[in-house]
Amino acid sequence: MLISAYTLTLHDYLFYASREMGRLYETEQYLHNYGLTYALGLVKPPYANLAQVPRYAEDLAQLNEQGVYVTPAYPLHCTFAFHTFKMANVNYYNFTPQMSSNQAVFGRAKELAPESVFRFFVLSEEPVRLPQWIRLGKWMAKARVRVVYQGLAAKKAGEVQRMEGALNPLDLERMPLNCNIVSMAPASLLTHVSLSGEYYELQGEQKQAFCLPVGMRYRP
């Protein structure tokens, strides 16, 4: 298996609503692999979606056939910024009593700041070419993608105390022994994952070893 390690560096403020707490909209410090796969241009969704429902299963199935998989991105370094915005008063959507006075309602958004750096991996049978610049998130934030290491990974078996980065539990062949859960849409992610069984080990730069589970594929 060919495993490529990439860094993603933000050049704009990145916002997507991981959690909504009243008028506060919070962005998580992890990038989900489904959205990241679309942003990298590996799948091309139809121009129009009249049903207004996600097409993850249909769109991502082609990558399973090609033997390509993108992991979620986890932060190497990240900072946040808060922005205040004016919220629209949508009477036909909100069933709660409306204020009769002309009073502005403000919301707060917690966003990832520029110069935040993330790492993700691409597992493939053949080399995959990714764009150097992509846009992602609600405001189509600009980000730079750079490959930092690429190599053939050895397949091993045993118990690993900590798999690399963040993993999507829906895409794993087996459940982990231990993990932390990061609640976010469209599916929660796992961090600090301990697994037993087969795994890939890639020797990166400065003799750093990356361990990833065998059998990851898109299973939305």
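## Reading the model

A residue counts as buried when its relative accessible area is under 20%, as exposed when over 50%, and as partly exposed in between, using a 1.4 Å probe and protein chains only. With 61% relative accessibility, Glu115 therefore falls in the exposed class. What we have here is a predicted model, where local features need pLDDT of at least 70 and side-chain atom pairs count only at pLDDT 80 or more, while totals for chains, interfaces and linings use all residues. Numbering runs from 1 along each chain as its sequence is written, and side-chain values use heavy atoms, with hydrogens and water left out.

Helices (H or I, at least four residues) and strands (E, at least two) are DSSP runs, numbered from the N terminus.

## The largest pocket

Let's start with the open space. A pocket here is an open set of points on a 1 Å grid over the protein atoms alone, where a 1.4 Å probe fits, with protein on both sides within 12 Å along at least five of seven lines; its lining residues have an atom within 4 Å of a point. The largest pocket holds about 1,000 Å³ of space, the volume being the space filled by probe spheres set on the points.

Its lining takes in 34 residues, and Phe15, Tyr16, Ala17, Gly137 and Lys138 lie nearest the centre. Helix H1 (33-39), strand E6 (80-87), strand E7 (105-112) and strand E9 (133-136) each give two or more residues to that lining. H1 provides the largest share, with 5 residues. By type, the lining splits into 24 nonpolar, 6 polar and 4 charged residues; Ala, Val, Leu, Ile, Met, Phe, Trp, Tyr, Cys and Pro count as nonpolar, Asp, Glu, Lys and Arg as charged, and the others, Gly among them, as polar.

## Rings that pair up

The structure has 7 aromatic pairs. Rings of Phe, Tyr and Trp (its six-membered ring) pair if their centres lie within 6.5 Å, and planes under 30 degrees apart count as stacked, over 60 as edge-to-face and the rest as tilted. Phe15 and Trp139 are a stacked pair because their ring centres are 5.5 Å apart and their planes meet at 15°. Phe15 sits in the loop between strand E1 (2-10) and strand E2 (19-21), and Trp139 in the loop between E9 and strand E10 (141-152), 124 residues apart. Phe15 is also buried, at 8% relative accessible area.

Tyr69 and Tyr218 make a tilted pair, 4.9 Å centre to centre with 50° between the planes. Tyr69 belongs to strand E4 (residues 69-70) and Tyr218 to the segment after strand E15 (209-213), so this pair ties together parts 149 residues apart in sequence. Both Tyr69 and Tyr218 are buried. They also belong to a cluster linked by ring pairs, together with Tyr34, Tyr38 and Tyr56.

## Charges and a polar contact

A charge sits over a ring if NZ of Lys or CZ of Arg is within 6 Å of the ring centre and within 35 degrees of the ring normal. Lys110 does this with Phe80, at 4.4 Å from the ring centre, and Lys142 with Trp133, at 4.6 Å.

Glu28, in the loop between strand E3 (24-26) and H1, is buried at 12% relative accessible area. Its side chain meets that of Arg19 in a polar contact of 2.7 Å (a pair of N or O atoms within 3.5 Å; within protein, one must be able to donate a hydrogen and the other to accept it, and residues adjacent in sequence count only if both atoms are side-chain atoms).

## Backbone details

A cis peptide bond, with omega about 0°, joins Ala185 and Pro186. Glu115 has a positive phi, near 75°.
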